[in-house]
Amino acid sequence: MSTQATAGIDDAERSDHPSRSDGFVRGASQLIGGPLGDHAVAVDQPAGGERRFWTAVRIVLALVCLTLALHWVQKSPCQDGAWANNVQYTRFCYTDVLALYYAEGLHEGKVPYRDHPVEYPVLTGYFMGVLGLPVHALGVDDPGLNQAQWFYNLNALVLGALAVATVAVILALRRRRPWDAALFALAPALLLTATVNWDLLAVGLGAFGLFAWARKRPATAGVLLGLAGAAKMWPLFILGPILVLALRAGKVRAALTALGAALVSLVAVNLPVAIPYRESWDRFFELNSTRPIDWGTLWYVGRYLDGKINPGSATEQGPFEWLNANIPTLNYLSYALFGLACLGVAALALFAPRRPRLAQLAFLVVAAFLIFSKVWSQQFVLWLLPLLVLARPRWGAFLAWQFAEVAYFAAFYGELLGSATGRPVFPEGVFVLAATLRLTMVVVLCVLIVREILHPERDPVRATYPDDPDGGLLDGASDAPWHTRWRQRRAPVPEPTT
């Protein structure tokens with residue numbers, strides 16, 4: 001038997017089985033006979049010396065394909081673009097992909113940024129143009145072609161492929177824990193929001209970046225994370241945890257390589273637009289700097305409470321209402337809170353008894369950005385999905401969070417319908433409650449991850465792997481000498497025995 005085959009069997013024998021290791025799954029398994037037995041042949045283990053066709057990897061990949069197919073069906077009432085009688089809200093099928101095909105002038109053949117300013121970072125604009133302009137060209141030759149529907153389906157196909165690739169990356173990073181990827185594959189949030197916008201573009205590129213870092217290719221990781229940041233800004237935040245962890249491990253050169261490569265790729269993608277079409281390029285930054293408090297955020301909940309404390313007051317503004325009228329101050333406060341949270345995460349990385357895993361810190365940083373941001377769109381949940389799967393693959397808390405996200409999704413569409421018709425579907429307090437539940441669950445996830453960082457023996461991933469399978473050059477590395485000396489100085493001096 002080849003060495004590769006032997007390694008594959010060894011990985012299978014050491015694979016984690018959630019019905020044994022995860023309390024929630026173990027309890028739920030009682031409904032079908034209890035946890036996997038010691039002598040059972042699992043789908044990720046050889047049977048009769050040969051692997052079965054339906055391995056854990058293939059099952060998980062099939063599951064994500066099923067979820068994406070169901071998502072396509074769920075969005076099908078909106079695919080023709082004829083959104084009469086608010087069907088996009090009553091059927092929960094609204095998608096920016098269709099709406100912006102018209103709003104960004106793609107249906108007229110306008111080139112993003114050159115002919116029309118785009119409200120997204122440049123790689124997302126490029127993506128829209130690369131898929132949208134050929135569809136428009138086909139529509140010119142065939143007037144009967146429903147351009148928007150073709151555009152949506154083409155986007156759904158490519159974004160769906162990126163979602164499958166993300167699952168494949170998770171499977172590659174967790175060969176001993178293949179069922180962790182099922183958290184992403186079966187996530188209700190993926191089912192409901194996969195093509196609401198183009199966030200899966202950044203998710204897929206960010207996943208490739210994490211994979212490259214795990215495979216000890218910091219320059220490639222930096223390029224991919226820079227490209228992901230050119231699609232949506234949040235993947236750039238992952239570079240912060242990489243730098244802090246590398247500082248603790250004495251591997252700063254690798255982190256700086258990734259950081260430099262990310263900067264180069266980010267600049268290279270932006271320059272072709274930023275120089276000749278500066279005003280169009282500035283649109284993204286202008287929009288984000290001038291937007292008031294958006295639905296479902298921490299600040300929105302505060303505004304609602306302002307109204308309850310001072311109902312009907314025309315002269316007295318509550319603090320959140322005042323911030324909404326003074327957007328520059330709101331921006332500074334939001335950035336400051338996020339900055340303080342990042343400093344807290346950095347301190348956690350340096351003071352923790354054992355160096356945290358990269359995915360743990362990455363989740364904390366991106367979650368902090370969402371918690372303090374003045375904008376938290378429904379599809380932003382996709383940013384956290386792969387990071388949570390890698391950071392804390394526990395089904396109980398994950399499903400509780402997904403329940404909160406689904407509740408918010410339903411409440412949000414009720415709010416949209418009420419705004420469109422002028423007739424509230426339910427009291428605003430229902431929507432605020434759903435937003436508060438979503439916010440609370442993300443905070444709870446952060447607390448659980450911090451607890452596992454401070455008590456690494458509770459970390460489910462480290463129960464399977466010796467250190468950090470995503471860490472790349474940091475995986476298994478000792479702390480830097482300066483950090484070891486610093487910890488020794490901080491250690492309490494034992495009292496002399498008598």
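Trp 234 is buried, at 3% relative accessible area; buried here is under 20%, exposed is over 50%, and partly exposed falls in between, with a 1.4 Å probe and protein chains only. Keep in mind that this is a predicted model, in which local features need pLDDT of at least 70, side-chain atom pairs count only at pLDDT 80 or more, and totals for chains, interfaces and linings use all residues. Residues are numbered from 1 along each chain as its sequence is written, and side-chain values use heavy atoms, leaving out hydrogens and water.

Now for the rings. Rings of Phe, Tyr and Trp (its six-membered ring) pair if their centres lie within 6.5 Å, and they count as stacked with planes under 30 degrees apart, edge-to-face over 60, and tilted for the rest. That rule gives 29 aromatic pairs. In one of them, Trp 234 is stacked with Trp 383, at 5.8 Å centre to centre and 20 degrees between the planes. Trp 234 sits in the loop between helix H12 (218-229) and helix H13 (239-249), and Trp 383 in helix H20 (residues 381-391), so the pair ties together parts 149 residues apart in sequence. Helices here are DSSP runs (H or I, at least four residues), numbered from the N terminus. Trp 383 is buried too, at 5%.

Next, take Trp 295 and Phe 431: this pair is edge-to-face, 6.4 Å between centres and 70 degrees between planes. Trp 295 comes from the loop between helix H15 (278-290) and helix H16 (298-309), while Phe 431 is in helix H22 (residues 428-454), 136 residues apart. Trp 295 is partly exposed at 25%, whereas Phe 431 is buried at 0%. Both belong to one aromatic cluster, whose members also include Tyr 300, Tyr 408 and Phe 412.

Finally, the largest pocket. Its lining has 38 residues, with Asn 288, Arg 291, Val 375, Ser 377 and Phe 380 nearest the centre. A pocket is an open set of points on a 1 Å grid over the protein atoms alone, where a 1.4 Å probe fits, with protein on both sides within 12 Å along at least five of seven lines; lining residues have an atom within 4 Å of a point. Elements giving two or more residues to this lining are H15, helix H18 (327-351), helix H19 (358-372) and helix H21 (395-421).
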